[in-house]
Amino acid sequence: MLPLTALLIFGLAIGFSILARGRAVQVSAGKLASLHSRPAYHGLYSFLWVLIVGLVVLIVLSVGWRLWLDAQLMADIRAALPDAPIIEHDLILNDAKAISDGTLASRTGEVRTSIAAAYGSGNTLRVWVSVALAIASAVGVGFVTLAKISPDWRARNRSENIIQVILWFSATIAILTTVGIVLSLIFETLTFFNQIGWRVDKFLYGTRWSPLSGVQEGVIDGDKVGALPLFTGTLLITVIAMLVAVPIGLFAAIYLSDFAGPRVRAWAKPMLEILAGIPTVVYGFFAAITVAPFIRGSGEALGLSVASESALAAGVVMGIMIIPFISSLSDDVINAVPQSLRDGSYGLGATKAETIRQVVLPAALPGIVSAVLLGVSRAVGETMIVVMAAGQGANFTANPLEAVTTVTVQIVMLITGDTDAKTAAGPAFTLGFTLFCVTLILNMIALSVVRKYREMYD
Amino acid sequence: MDSMTNMRMSEASIEARDIKMSTKGVDVFYGDTHAIKDVTVDILDNTVTAFIGPSGCGKSTFLRCLNRMNDTIEVCRVTGDIRLDGEDIYASRVDPVQLRARVGMVFQKPNPFPKSIYDNIAYGPKIHGLVGNKAELDEVVEQSLRRAAIWNEVKDRLDQPGTGLSGGQQQRLCIARAIATAPEVLLMDEPCSALDPIATAQIEELIDELRADFSVVIVTHSMQQAARVSQKTAFFHLGDLVEYNDTNHIFTNPDDQRTQDYITGRFG
């Protein structure tokens, strides 16, 4: 019913915009130039007002009424069953709604039936009143905007103002969402630290990670939430990935920008970028099924003991995944180095190698650094490859041939496990917050490096 | 009176000078375009030679043949005979890299490297191994900056980026950079076209001083500039070398009608 009304309001808005255009043409009396605003702007003005007023009334009324209704019903339930726990109250309300909607309820009973009846009538009233008022206000506003149309009416400036407000609103939503996520991360992190008695050091420097092994008793054991193995595991895999990705990506970029002919470049660059389009889950099972056994096999041939899931396998495949990021971004910045700098170097009798090493790369360095740091952010945040190829054991080791685990993998394990979400949330949010801080710092460094050196060539 | 004597002396000495670079029957093709047609010019030592002509006449292209800068352009093809001290610079055993160390180049737009002023100058001497130690390098840097008449302006900020200088300073920095590799010939591709009149005057003065040590070839759009700084002038038109003679001769009594028309401003 409500979605249908939203659609109807949209239709009304279009209708009024057409009417407004027609009216604008009519008041101009054949001389369109006498209008301050073109007819299209009069149409836009009506369209925006009808749509916004209709939708806002609909949403505010229906949502607000719903909250009020729920509060009323809860009060009734509490009055009927004062002794039952709060969770029981919630359950009764849900069942009552289910009974009223005709879906399956967990239980039926006298209280539930009476609440269901109250809910049914209240809800019907809510929906109908919301719909009626929304449509009425939309139509009303539509006619008001029509009445205002005159040659002097500044519909263009006014609709531009409305659009500016919409743009501001969108930007605000994006920012507020980010702020909300960060705040909830911080809040949950603080709750978790409170649970382990503010022993932040145990989380940061402890070496034993099995946070869920004590939760049957409902307590989190501060001695079992040492995340150091996760940090070192993440670091190990990231380092391996960057050791693969940075040289290969950078050399590929240098080849593409300074050595490859236009024809090679035309197909080689898109080919490289296809690598970036492969879903990470595909890389993951490629790592687990192909690369890990290969590394294990060659390691054993050399007499090394290699775990079947190793940091090396995950790191190498992750590095391959990151190559296109680094090569593509670096290629762009290397290409952006002006030809005049290259000419200047060649003109002094420098070889191509000297020119690239001493003139082109230093000039492109800020861009390359930010490309690498973005690659690191990707590596730190990557999950699928590590889940599949590096294992889940929280080993505190620097040996790339052993299984390790990372921060992201452990978040997945905590959230998808069959433990109570509320208990697992603490460690998961805290890990997430740590990860967020690290990537934030990396991105900030990348941005400031770029900003610091950018003005040098303009 | 004094300047008259000087002029006569320099006129006389031109004839006595050696041929530094000689070109014979040079043709340049950009893909299918025939950009330079059968050009024969002798560049004298210790002389400023100006290439003038309307836009697109091929003077820059020809200049870039003299140190094989055209090699970096894929579609460009050069035929004919170009010699430096009698040696064919397009011979297969000549390394363009070594050639460019002997025939330096200054470009139209100042293009200092995004390095410090010091490193900009030190770049050439370092890559060519011209200096043995830091003290010698310091010496070369100072000498080059002095000869490019910019030492006094930058001596206190050698560690600051060369890109932070003004346009005229940047161009003198680029000239200093070219001098630092101790070339024998200095090619200048419209070195003043991006500069204001004062900076231009400084560069012109500098070019005149550089003549004492180098053979200078300058491409310019400005006929006044050619008349001011050069002793020999070559007039290019549509890829042809129309006329090549002493600057005085070209500007006072040209042999060719097209030269006459160009320098009197009938076209160009």
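Contact is taken here to mean heavy atoms within 4.5 Å. By this criterion, in what is a predicted model, the contact between the two chains takes 25 residues from chain B and 19 residues from chain A. The size of an interface is often given as the accessible area lost when the parts come together. For chain B and chain A the area buried between them is about 1,800 Å², and carbon and sulfur atoms give 64% of that area. Within chain B, the residues that lose the most area to chain A are Pro114(B), Tyr123(B) and Ile127(B), which together account for 31% of what that side buries.

On the side of chain B that touches chain A, the elements that give two or more residues are helix 3 (96-102), strand 6 (103-106), helix 4 (117-127) and helix 7 (167-180) of chain B. The residues of this side of chain B divide into 13 nonpolar, 7 polar and 5 charged. Between chain B and chain A the count of salt bridges is 0, while 5 residue pairs are in polar contact, with both residues at pLDDT 80 or more.

Side chains of opposite charge can pair when their charged atoms come close. Over all chains, the structure holds 26 salt bridges. One of these is formed by Lys269(A) with Asp332(A), for which the closest N and O atoms are 2.8 Å apart. Because Lys269(A) lies in helix 8 of chain A and Asp332(A) in helix 10 (residues 311-336) of chain A, the pair ties together parts that are 63 residues apart in sequence.

The surface also carries a nonpolar patch, formed by Trp267(A), Met271(A), Ile274(A), Ile278(A), Val281(A), Val282(A), Phe285(A), Phe286(A), Ile289(A) and Met384(A), which together have about 920 Å² of accessible area. Two or more residues of the patch come from each of helix 8 (262-277) and helix 9 (280-301) of chain A. Helix 9 of chain A gives the most to the patch, with 5 residues, and Phe286(A) is found in this helix.

Definitions and conventions: Residues numbered from 1 in each chain as written. Chains lettered and ligands numbered in written order. Predicted model: local features only at pLDDT ≥ 70, side-chain atom pairs only at ≥ 80, totals over all residues. Heavy atoms only, no water. Buried area = accessible area lost by both parts, 1.4 Å probe. Salt bridge = Lys/Arg side-chain N within 4 Å of Asp/Glu carboxyl O. Polar contact = N/O pair within 3.5 Å; in protein donor to acceptor, adjacent residues only side chain to side chain. Helix = DSSP H or I, 4+ residues; strand = E, 2+ residues; numbered from the N terminus. Nonpolar A, V, L, I, M, F, W, Y, C, P; charged D, E, K, R; others polar. Patch = residues over 30% accessible without salt bridge, like charges linked within 9 Å, V, L, I, M, F, W, Y side chains within 5 Å. Areas by Shrake-Rupley, 256 points an atom, 1.4 Å probe, with all protein chains shown as cover.
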